[in-house]
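Here are my notes on the model you sent. Keep the structure open beside them as you read.

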Amino acid sequence: MKTGIDAISFDVANIHLPIKTLAIARNIEPEKLEKGLGLLKMTFPDVHQDAVVFGANALTKLITDNKINLNEISRIYVGTESGIDSSKPIASYLISLMEQKFGEDSLAECDVVDFTFACIGGVDAMQNCLDFVKLNPTKKAIVVTSDFAKYDLNSGGEYTQGAGAVAMLIASNPRIIAFDDNWATSTKGVFDFFKPYRTISKEEITKNTNNDSWFDNLEAEIEIHKDQPVFDGQYSNQCYMDRTRNAYFSFKKLKNTTETLYNTWHSIVMHLPYSFQGRRMLSEIYALDSAEKIIADDIAPADYQTKIKEVAKSEDYRSFVTEKLQPAELASSLIGNLYTGSIFMGLLSTLAHFYDTNKEVAGTKFGFLAYGSGSKSKVFEGTIQPEWKSALENVKLFENLAESVEIDFNTYESLHKKEQKQSVRTPKNEWVLDRIEKEIPVLIGARYYKWVD
Ligand SMILES: CC(C)(COP(=O)([O-])OP(=O)([O-])OC[C@H]1O[C@@H](n2cnc3c(N)ncnc32)[C@H](O)[C@@H]1OP(=O)([O-])[O-])[C@@H](O)C(=O)NCCC(=O)NCCSC(=O)C[C@@](C)(O)CC(=O)[O-]
């Protein structure tokens, strides 16, 4: 029995800042961002959008476009690192919104939970759901990945920001892709990118607020966490490279093959925190696993990095990138980092590209290299199924991305600082954040959402 992704949908911020505008404002050469990192647009949430809104919209599209009967869904597992509450998972919000739209108690027996491990939480959620469906072939599960990749203004992560969600139906005999049973993992506890709690005083919390009895029980100091991570960019790249390399070679061992693994993959889908991350990181694996022994076993350690850089610039590697990696990069260039959704957006980008260019990829194998800071990599592979094209008919990825509304630099900064009060785009046929109760500068209260026709 095959198990995999039967249907897929997405939702992104739909407003964006051209990367050139950001580069000019920050005094960065636009070519560095456009040609060095592959960035063209940076999506950013509107006033009415957050991780719940993106997840709910992607899930609503998945259900309506594929006429899913919610009684058949045994689980909705969410991968996210943008939780809005330390106790109530995003999955709990999704359940109530779906029941508002599709009928009370329609998900009353559905198991729901959030998975968090930086960007790899969505892959963890999917692996878990695949195992569940393998054990229960008549049951179905949904995986939703939803995040807002927000970085501090003026930081090295600022130009990699992005926001949105991908939702997938996991089922037996899937129409899009069936995954093989081998999964390799590489893990190491590191601090390459993390979102620690910080301490804040009661005085700071209440100073700009009309005091009311709600604050009486606050302790003198409380811990809160902010959306933006603490990170070390170049170290995070090294961790990404080390984990994916180790998982890749463990995967080869699991498969008990000496063949150059990446040559067996028609397309390669990697976690893309920005468009060109995959191509910048894969040159080491490309060199180490080549039949031509591009890197000899006895190479001096001092020459190792130089050799990898040479490989990255070679004609052979460039054509390898164009053939196997570039289709996954296309959407990332127009969106930015989606954290947990990035690898699935890479899959969708690849398939949407082949769909739009009328290429048949049924029967081919795709290789996946997932990464999450903190850190963990998983390598796995799947085979594209005969019905992949009809399953993607309604998705229209690039048509939708082309409709994104451009914003100017001042609007971007005021959205980032949460100073903007009016939505940039008028919402239509989508979920929106309606109000937040007890909102004060540093604490966020209960959030309420509504559907806008
Ligand atoms: C990603 C970094 C590190 C980039 O950092 P950076 O310092 O902006 O860029 P760089 O110096 O590493 O690379 C610039 C590239 O542009 C080229 N360049 C320079 N000038 C020009 C020019 N004029 N014309 C053409 N090209 C030019 C230059 O040559 C180089 O390309 P290379 O040759 O090395 O391939 C930074 O943006 C950052 O810190 N981002 C946030 C963290 C991050 O994304 N890390 C990635 C790995 S960790 C990860 O993926 C997990 C994550 C982040 O998604 C979180 C999670 O798991 O939850």
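1. Start with Trp265. Its relative accessible area is 1%, so Trp265 is buried. Here buried means under 20% relative accessible area, exposed means over 50%, and partly exposed is in between (1.4 Å probe, protein chains only). Phe251 is buried too, with a relative accessible area of 0%. This is a predicted model, in which local features need pLDDT of at least 70, side-chain atom pairs count only at pLDDT 80 or more, and totals for chains, interfaces and linings use all residues. Residues are numbered from 1 along each chain as its sequence is written, and side-chain values use heavy atoms, with hydrogens and water left out.

2. Now the aromatic rings. A pair of aromatic rings is described by the distance of the centres and the angle of the planes. Rings of Phe, Tyr and Trp (its six-membered ring) pair if their centres lie within 6.5 Å. Planes under 30 degrees apart count as stacked, over 60 as edge-to-face, and the rest as tilted. The count comes to 24 aromatic pairs by this rule. One of them joins Phe251 and Trp265. That pair is tilted, at 6.4 Å centre to centre and 50 degrees between the planes. Phe251 sits in helix 7 (residues 233-255), while Trp265 is in the loop between helix 7 and strand 14 (267-270), so the pair ties together parts 14 residues apart in sequence. Helices (H or I, at least four residues) and strands (E, at least two) are DSSP runs, numbered from the N terminus.

3. How many degrees lie between the planes of Phe368 and Phe380? The angle is 0 degrees, and the centres are 4.9 Å apart, so by the definition the pair is stacked. Phe368 belongs to strand 15 (residues 365-372) and Phe380 to strand 16 (residues 376-384), so this pair links parts that are twelve residues apart in sequence. Both Phe368 and Phe380 are buried.

4. Look next at the loop between strand 15 and strand 16, where Ser375 lies. The peptide bond from Gly374 to Ser375 is cis, with omega near 5 degrees. Most residues other than glycine have a negative phi, and most peptide bonds are trans.

5. Asn27 lies in the loop between helix 1 and helix 2. Its phi is near 60 degrees, a positive value in a residue other than glycine. Asn27 counts as exposed, at 74% relative accessibility. Asn256 is in the loop between helix 7 and strand 14. Asn256 also is not a glycine, yet has a positive phi of about 55 degrees. At 70% relative accessibility, Asn256 is exposed.

6. Is Arg26 buried or exposed? Arg26 is buried, with a relative accessible area of 18%. Its place is the loop between helix 1 (19-25) and helix 2 (30-36). Not counting residues up to four places away in sequence, Arg26 touches Leu153, Asn154, Glu158, Phe409, Tyr412 and Glu413. Contact means heavy atoms within 4.5 Å. Phe409 and Tyr412 also form one aromatic cluster with Phe44 and Phe148.

7. Turn to helix 11 (residues 326-335), which holds Ser332. Seven of the ten residues of helix 11 are buried, so the helix is largely enclosed by the rest of the structure. Among them are Pro327, Glu329 and Ile335. Ser332 is buried as well, at 6% relative accessibility. Neighbours within four places in sequence aside, Ser332 is in contact with Leu272, Tyr274 and Ser275. Just after helix 11, Gly336 takes a positive phi of about 100 degrees.

8. Asp232 is in the loop between strand 13 (230-231) and helix 7. At 41% relative accessibility, Asp232 is partly exposed. Asp232 and Phe193 are 39 residues apart in sequence, but 6.5 Å apart in space, C-alpha to C-alpha.

9. Finally, the whole chain. The protein chain has 15 helices and 19 strands. Its radius of gyration is 22 Å, close to the 22 Å that the globule rule gives for 453 residues, so the chain is as compact as a globular protein of that length. The radius is taken over C-alpha atoms, and the rule is 2.2 Å times the number of residues to the power 0.38. Buried residues make up 56% of the 453 residues. Among contacts between residues at least 6 apart in sequence, 79% join residues at least 24 apart.
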